[in-house]
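I opened this notebook to keep track of what I looked up in one structure. The entries follow the order in which I went through the model.

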Amino acid sequence: SLNTWSPDSIQAAKAWILNCDTKHPECKQNGNFRPTRLLEITSDTRSAKVIDLGKSHHLSPEGYTVLSHCWGPRGIEQRLTTTNQNEYYRHIACIDLPRNFQDAITVTIDLGFRYIWIDSLCILQDSVDDWRAESVTMGDVFRHAAVTISATASSDSKGGCFRERDSFLHTNCTLMASTTSNLFLDVSPRVRGQCSSLEDLFVEKVDCAPLSLRSWTYQERVLSRRIIHFCDGIILFECNTVRGSEFHDPAGEVYDGKEYIRKDGKLYTGEELETLKMNNPEFIYRWYDLVSAYSGRSITYRSDKLVALSGLVDLIQANTNLEYVAGLWKTTLALDLLWISCQPVQQRSKERIAPSWSWASAEGRIKSILATRPSRRVAQVCIELLQVTDSEALPSTGGASITLNGPVRCVNLSDIPHTLDYVLHEDSESYVHLAVYWESCSDRLVLDMVWGLLLRRADDAPDGVYERCGLATICPLDRQSEWETRQLTLI
């Protein structure tokens with residue numbers, strides 16, 4: 001077949017799922033979570049209806065699939081609303097749905113399932129209350145799905161999952177032909193597998209695909225225990241244990257997993273979370289690896305920036321009991337504050353979606369400065385977290401505030417190396433440098449580097465209330481008499 005969803009592809013996908021279900025303990029999911037709503041499909045795939053699982057519906061043992069996809073700049077017309085809710089609960093003609101939806105429904109039935117979760121059809125799109133309630137559980141929806149159907153190559157809902165097969169990967173290449181003989185390049189399955197490693201295929205066909213550019217789909221991929229990627233010219237399989245294609249080992253190939261999480265989808269726990277007492281803050285490194293990968297993606301509504309990561313946050317909290325606050329972790333907050341934006345400095349957005357000290361307040365890809373520090377250095381954290389104020393009490397500031405106690409000094413930007421979070425327009429050149437992280441070379445006792453937050457007085461705020469506007473260093477640490485210990489509140 002010239003289509004990426006051929007009978008052979010269906011059998012390969014079934015074999016991947018069966019092998020994963022029977023042989024991969026790390027891919028099994030515990031618990032009895034059920035989404036609020038699912039789409040129930042007829043066996044001929046011609047029609048479907050939305051079912052409410054909270055109203056006496058029984059979910060069959062095989063479970064459900066879930067679609068990961070891009071809406072596209074024009075959005076989606078077929079959406080569940082309070083106006084059409086009763087109609088969609090009775091009947092939806094599948095032919096009226098976008099291509100992505102139609103193809104995902106076909107895949108669902110071909111794999112032996114009857115139910116699928118699609119965001120625009122399973123969340124009331126005109127109800128703020130329903131969206132808030134469902135967005136909190138979205139991570140669970142993907143974690144507990146039997147398999148995620150990923151429209152990886154489609155930049156919008158009309159692109160579809162199925163593509164024309166990559167001719168080089170699927171057919172022999174004729175170099176010369178005559179009436180009596182042909183000269184061709186043998187592209188047998190064995191040769192195909194040697195020509196393109198799985199790692200290369202995933203980089204080219206998945207990591208660089210349209211779906212991988214979107215913020216919301218980041219946690220969908222990380223949290224899914226099994227994914228069938230419908231790529232340009234090929235389908236690929238990924239679970240928490242192996243990756244596979246039709247042209248490699250049918251059992252799949254074990255891979256190192258996602259760098260910032262374990263194969264079971266968890267960040268490192270227990271003794272591995274000891275950070276402030278260790279020279280190697282492993283948890284912070286892994287968290288900012290995750291943040292860096294996520295923050296480089298695009299998002300339609302800036303207000304969704306932290307929400308679109310909430311499923312991963314819930315997973316981490318469930319396995320660590322750590323307290324999360326506006327993109328950072330309370331236990332490691334001192335070092336979590338030391339982030340910078342990798343993008344050229346921009347105008348500050350008027351929409352405050354996060355406090356100024358959170359990486360979510362900045363635009364573009366974020367990284368932690370700890371990732372660039374030489375291993376020969378040892379660090380001393382020199383600020384104390386005194387209080388965290390609930391974000392709901394401070395909506396106008398973009399979220400929670402923190403009160404810190406630590407050494408500060410007044411500085412001029414022209415005197416110290418610094419990076420800015422946004423373009424500054426103030427006439428005054430005087431800012432406050434709050435020392436957070438002191439470094440010294442391991443072979444001598446002199447503290448030779450101070451990393452800290454660059455702060456400015458918050459507009460229309462009481463004394464002692466500041467906003468972060470960048471990160472600064474002072475090297476070497478001299479004139480210690482100029483430092484004074486003060487209590488500051490950051491918003």
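Over the face of which ring does Arg-243 lie, at 4.4 Å from the ring centre? I found that Arg-243 lies over the face of Tyr-255, at 4.4 Å from the ring centre, where a charge sits over a ring if NZ of Lys or CZ of Arg is within 6 Å of the ring centre and within 35 degrees of the ring normal. I also noted that Arg-243 lies over the face of Phe-202, at 4.4 Å from that ring centre.

**Ground rules.** I am reading a predicted model, in which local features need pLDDT of at least 70 and side-chain atom pairs count only at pLDDT 80 or more, while totals for chains, interfaces and linings use all residues. Residues are numbered from 1 along each chain as its sequence is written, and side-chain values use heavy atoms, with hydrogens and water left out.

**Overview.** I looked up the secondary structure and found 12 helices and 24 strands, which are DSSP runs numbered from the N terminus (helices are H or I with at least four residues, strands are E with at least two). Of the 491 residues, 54% count as buried, a term that stands for under 20% relative accessible area, with exposed over 50% and partly exposed in between (1.4 Å probe, protein chains only). Among contacts with a separation of 6 or more, 69% come from residues 24 or more positions apart, contact being heavy atoms within 4.5 Å.

**Helices H9 and H11.** I then turned to helix H9 (residues 216-223) and helix H11 (residues 310-320), which pack at an angle of about 40° with their axes 8 Å apart; the axes are lines fitted to C-alpha atoms, for helices over the stretch in contact, and angles run from 0 to 180 degrees between N-to-C directions. H9 and H11 are therefore oblique to each other, since angles under 35 degrees count as roughly parallel, over 145 as roughly antiparallel, 65 to 115 as roughly perpendicular and the rest as oblique. On the H9 side the contact is made by Tyr-218, Gln-219, Val-222 and Leu-223, and on the H11 side by Ser-310, Gly-311, Leu-312 and Leu-315. By class, this contact has 5 nonpolar, 3 polar and no charged residues, with Ala, Val, Leu, Ile, Met, Phe, Trp, Tyr, Cys and Pro counted as nonpolar, Asp, Glu, Lys and Arg as charged, and the others, Gly among them, as polar.

I checked the burial of both helices. In H9, 8 of its 8 residues are buried, whereas the buried residues of H11 are Ser-310, Gly-311, Leu-312, Val-313, Leu-315, Ile-316 and Thr-320. What covers those residues of H11 includes helix H5 (128-144), H9, helix H10 (282-295), strand S13 (324-325) and strand S14 (328-329). H11 is followed by Asn-321, whose phi is positive, near 65°.

**Aromatic pairs.** The structure holds 11 aromatic pairs, a pair being rings of Phe, Tyr and Trp (its six-membered ring) with centres within 6.5 Å, where planes under 30 degrees apart count as stacked, over 60 as edge-to-face and the rest as tilted. One of them is edge-to-face: Trp-287 and Trp-329, 5.4 Å centre to centre with 85° between the planes. This pair links Trp-287 in helix H10 to Trp-329 in strand S14, 42 residues apart. Trp-287 is buried at a relative accessible area of 0%, and Trp-329 likewise counts as buried at 0%.

**Trp-5.** Ring pairs also link Trp-5, Phe-162 and Phe-230 into a cluster. I located Trp-5 in the segment before helix H1 (7-23), where it is buried, with a relative accessible area of 8%. Trp-5 and Cys-161 are 156 residues apart in sequence, yet 8.7 Å apart in space, C-alpha to C-alpha. Not counting residues up to four places away in sequence, Trp-5 touches residues including Ile-10, Ala-13, Leu-111 and Ile-235.

Thr-45 has a phi near 60° and sits in the loop between strand S1 (37-41) and strand S2 (47-52), partly exposed at 24% relative accessible area. Asp-460 has a phi near 55° and is placed in the loop between strand S22 (447-457) and strand S23 (465-474), exposed at 85%.
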